[in-house]
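Welcome, and thanks for taking a look at this one with us. Here is a short briefing to read alongside the sequence and the model.

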Amino acid sequence: MTGALHAGLILFTVVVVSESEPTPVGTDRTGDLHGQSRFVHLTSQWALVLVNDSLDIFRAESSCRGQFSSLSTLDQSEVREGAMDLLRQARLQSPVWINSTSELPSKPLPLSKQYLQFAALNFPKTSREGFARINRSFPALSSISVCVRVQWDPEWNEVSTIFSYAAPVFTNEFQLRGQKDMQGRIVLALIVHGKHLPYKASFANDGAWHHICVTWSSSLWAIYVDAERKDMGLGTDTSRDIHADGILILGQDQDSFGGNFTEPFFGNITDLNVWNTSLESRHVRALNGCSAMSQVMLFSWNLGHVISHPSVKEVQALLFCPAKHQQMELQGCITLQSQSDQHLLMGLTDCSEPLPFICMSSRERYLKMKQISDSQSSQPTAFMNHLMKLSNNSQAVLGQQPSGLSSLGEASALLDVSVQALQDTRQEGLQPEDMVSLIQLLSLAADVPLQPTDGANHSEESVQELSQHFISVADSVISQDNAFKWQAIKEVVNGPMDVVKSIDRMVTSLSPRLMAESDHVTFQSPNIKLAVQQQRLWEPTKGSSFCGPESEKHSNPDCISVPYQKIQDLHNNGFHKLTLVNTWYGSLRPLFNPEENISMVPTVTDGSQRYLGTILGSSVISTTVLGDDQPVSTAVRFQLHHKVQNSAGAVYEPVCAFWDFTLTPEAGGWWNTKGCKVVSKQYDYTVCYCNHTTNFALLLQVYEDQPSPENKKALQVLTFIGCGVSLCGLLFTFILFIVVGVPKSDRTTVHKNLIFALGVAELLLMCSDWASANEAACFVVTALLHLFFMASFSWMLVEGLLLWSKVVSVNISEDRRMKLYYVIGWGLPIVIVVVTLALTVNEYKADGHCWLNLKTGTIWSFVGPVVFVLAVNSVVLCRVVMVTVSSARRRAKMLSPRSASKMQTFDLTWAVTRPVLILLPVLGLTWLCGVLVHLSIVIAYIFTALNAFQGLYIFLVYAVYNSEVRNAIKRIKEKRKALSFTNCSQPTTFTPSQRAPKTSWDRSPPTPSSPETSETSGPPSSICTSLVIKNESFRKEGFVGFAFKPTSGNQVVQLTAFKQSGC
């Protein structure tokens, strides 16, 4: 049991090509568990493996593919030397399969390139007399092959003769006839030398064109339908030649030589050719693909050599000619044989011949596979351990040959036990080594050759069960849980799209079995939904739309469909049966790293947005169209929902794309947009149209909004002008604070520091463009900009804290408070800049301009503190508004009831508006507009204007409308005027009697010369006290002096007025 178990596990994990470490460069002989020899040759770049297990070319290719390699080519000298060394060590005399240097098409050709137009004959049911005679004489034939293309009338049920050859001496010499059986198929029978062989070969009565070949040689006969040998045997009584000088008739039997027609054919016939040799299978396959033959023909289809009954009409037929392997199968496949120790002989051999073969892979891939194999052998994973326990129930399956799976039964058993092991080890999850094993199993199961006995041994239900297990295993591999595990096995596999290729091959191969009794079948797993539907094109269409699973988030699921007109085009081109294979992948990420950026040329090039990168933004959906079981390419329309929604500061532009396996094949392919276009874009989904079929998805190109060149230039000019005006305003404000003698206080000190920091920052900003040319200077400017803008916001924070202390009483002395303010205003910015430089010195500055790096996250050392400052100052502003509103309400209550209502409304409005207008620029809250800049260019202009002119706002608030500054200026002016008045005045003396004749002091008319009015009239010892005051009511620009002078009998008050006299 142990040997059988390990044999199966090696098949389904990795092929063990060595039991010991191979030599670095050279050939190493190894063995597999079946005792078959394998030889490995390592070069500097490649690993060559000679598999001594005889397979035909197609199974050899499948076996190499299951080992993550391919048939070897001989393009390089070191590869040729390695192949020669392998053959010499193995002592093989027979040829081995190698790969052709010419690449065969790996995807469906465009529809126009797959069709050829043929002249055909139409045999209508309106007449039973229709026939066509080949105007050619035939010699005696020891071998014969006749190939013809037939379109059978589906409504005709009786026996019909496709062609009949009658000789003068024997009428039923060589004839092909057909009829409809009980299952509705058309069965064919051959008549040779009058012996009627059984009806066995068949094709579907679907109204489509079918290629039929019959061969005979020395009693050995065969019937091929659509390149497949449907019947063969030794069925004639005699091996004599077919008589000469006969008549070949199309569409009728000959009960007499050249006449007496009784079994008419109804339908169309074309491309009838006759050879005097028995064709091989490879020739028939080539002819089915419309390939020309090198063998000489007795008759080549030409209506000029055909005589038809009047009822038979000539028509044109557009026939499907894929010719995928036509040249290879016609000429044979390339083999390599060692002729001597120094020479290699290349030749052509029938592709169906079983031969050994050489697989080739990169050296890195081979060694990585060896490492994985050794790891699984020494320390199996939880999944592999559990699989080995469960495999006791599959002993008959696990002993197959390591060259591949040979039947559907073997594939089904291995898939079944794998699904059970996956379910039982769900918590442990898959390891990268397990993923390699399962990918190999899927590849081998997809290439299982379908044998004629498979149809009898496996019902449609068992084939559907196999398909469901296949999808379940594939789902486990491409699950989102394994998204980051692909990186560990990138040397071995080409990525998740290897699984998609296996699914496509499996469904295409099994579609005839899946559709044998049903027109629609669906398989579903958590991340994959697959549907196969079939329709006959002459019947009313049932629709070709396919949708993924419904989601609660989206009202409409992801869908794909073939347009109705394209289906009609297929019908008009001669197709009768259409098979659609549709698949939806919910969590498929084709790249090894799911977060990797997709390289793509941006689609938005008008300069309004800055391109950041491209990401996969949807599920993957695919469709494969089979016309009469042959792949055809046609247009499709699909709708996919966006998995990523537009976020702040980013815009996503959808691009319709498909996975192209031919781009960078060493990496498994890449995204391509050729032939695809966007039909419509909505907020959460996009509708696309592509002119071919494959695997589709939406790529979202990520853009950052940026102004157009015109707006960008205008914003730069506005910024430069605003900074210049602001710098002047800040400079004037700072000078005023120093020169005019504003009283010292914590408030004026905070103002001065804010003005200084912001002024230096704006000066550096204006000079930053000039510094960008020098890397070192730009770095220094960036650090200084960071420091002084950070200091500006720190002092704006201090402004808010100071204002808060005025609104809410704070119990802290002014000295201690100012120390705290200096720590916040200058100490905190210095710490932030120094720490940022220390942590991100190599990623500190942005590329191309002097500012912090946005890509590396350094910008958050500025944005983070700024957001904090703005949040705190917003709270302060709200508190100030609340206080002013409360004061306004108190004032309103003191007014009379009549005017209270109007005044209250005005006061409340002004109470809210005044502090907001004054404090927004001072507290830096205008920077909040930066959050909305990405929404509109208008907001960008508003943001630039508000912040570029911030210095001007501060000048208006701190200087022009600051009462302290205005009072200080007024005091200076008054002092200057006082000095001017003192130096230029003419004194005049008045006594009270001059102003008021009837006073108690003196009632007599005063005389200027009287002693009472003279300052010198008193005694010398008298005392005079004077006081000079400003008399604002008496004269605006006059000063009045009062003198109190004691006299002998009473007190005299003397008033002296000074007035300007022209100086």
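Over which ring does the charged end of Arg240 sit? The answer is Phe170, with the charged end 5.8 Å from the ring centre. Please keep in mind that this is a predicted model.

**Disulfides**

- The structure contains 6 disulfides, and three of them are described here.
- One of them joins Cys64 and Cys359, with the sulfur atoms 1.9 Å apart. Its S-S torsion is about -80 degrees, so this disulfide is left-handed. Because Cys64 belongs to helix H2 (residues 57–66) and Cys359 to strand S24 (residues 355–362), the bond ties together parts 295 residues apart in sequence. Cys64 is buried at 0% relative accessibility, and Cys359 is buried at 2%.
- Cys147 and Cys213 are also joined, with an S to S distance of 1.9 Å. This link is right-handed, with 115 degrees about the S-S bond. It connects distant parts of the chain: Cys147 is in strand S8 (residues 143–152) and Cys213 in strand S14 (residues 209–217), 66 residues apart. Cys147 is buried, at 1% relative accessibility, and Cys213 is buried with a relative accessible area of 1%.
- Cys547 and Cys559 form a disulfide with sulfur atoms 1.9 Å apart, and the link is right-handed at 105 degrees. Cys547 lies in strand S27 and Cys559 in strand S28 (residues 559–561), so the bond ties parts that are 12 residues apart in sequence. Cys547 is partly exposed, with a relative accessible area of 26%, whereas Cys559 is buried at 17%.

**Aromatic rings**

- There are 20 aromatic pairs in the model. One of them is edge-to-face: the rings of Phe123 and Phe265 have centres 5.9 Å apart and planes at 75 degrees.
- That pair bridges 142 residues of chain, from Phe123 in strand S6 (residues 115–123) to Phe265 in the loop between strand S17 (247–250) and strand S18 (267–275). Phe123 is buried at 3% relative accessibility, and Phe265 is buried at 1%.
- Elsewhere, ring pairs connect Phe756, Phe788, Trp795, Tyr822 and Trp826 into a cluster.

**The open sheet**

- Five strands make up an open antiparallel sheet, ordered S27-S28-S33-S37-S36. Its edges are strand S27 (546–547) and strand S36 (676–681), each pairing on one side only.
- S36 runs antiparallel to strand S37 (residues 685–690), and 5 bridges join them. Lys677 has Tyr689 in S37 as its bridge partner.

Key
Residues numbered from 1 in each chain as written. Predicted model: local features only at pLDDT ≥ 70, side-chain atom pairs only at ≥ 80, totals over all residues. Heavy atoms only, no water. Pairing = 2+ DSSP bridges. Helix = DSSP H or I, 4+ residues; strand = E, 2+ residues; numbered from the N terminus. Phe/Tyr/Trp six-rings, centres within 6.5 Å; stacked < 30°, edge-to-face > 60°. Buried < 20%, exposed > 50% of the residue type's maximum accessible area, 1.4 Å probe, protein only. Lys NZ or Arg CZ within 6 Å of the ring centre and 35° of its normal. Disulfide = S-S within 2.5 Å.
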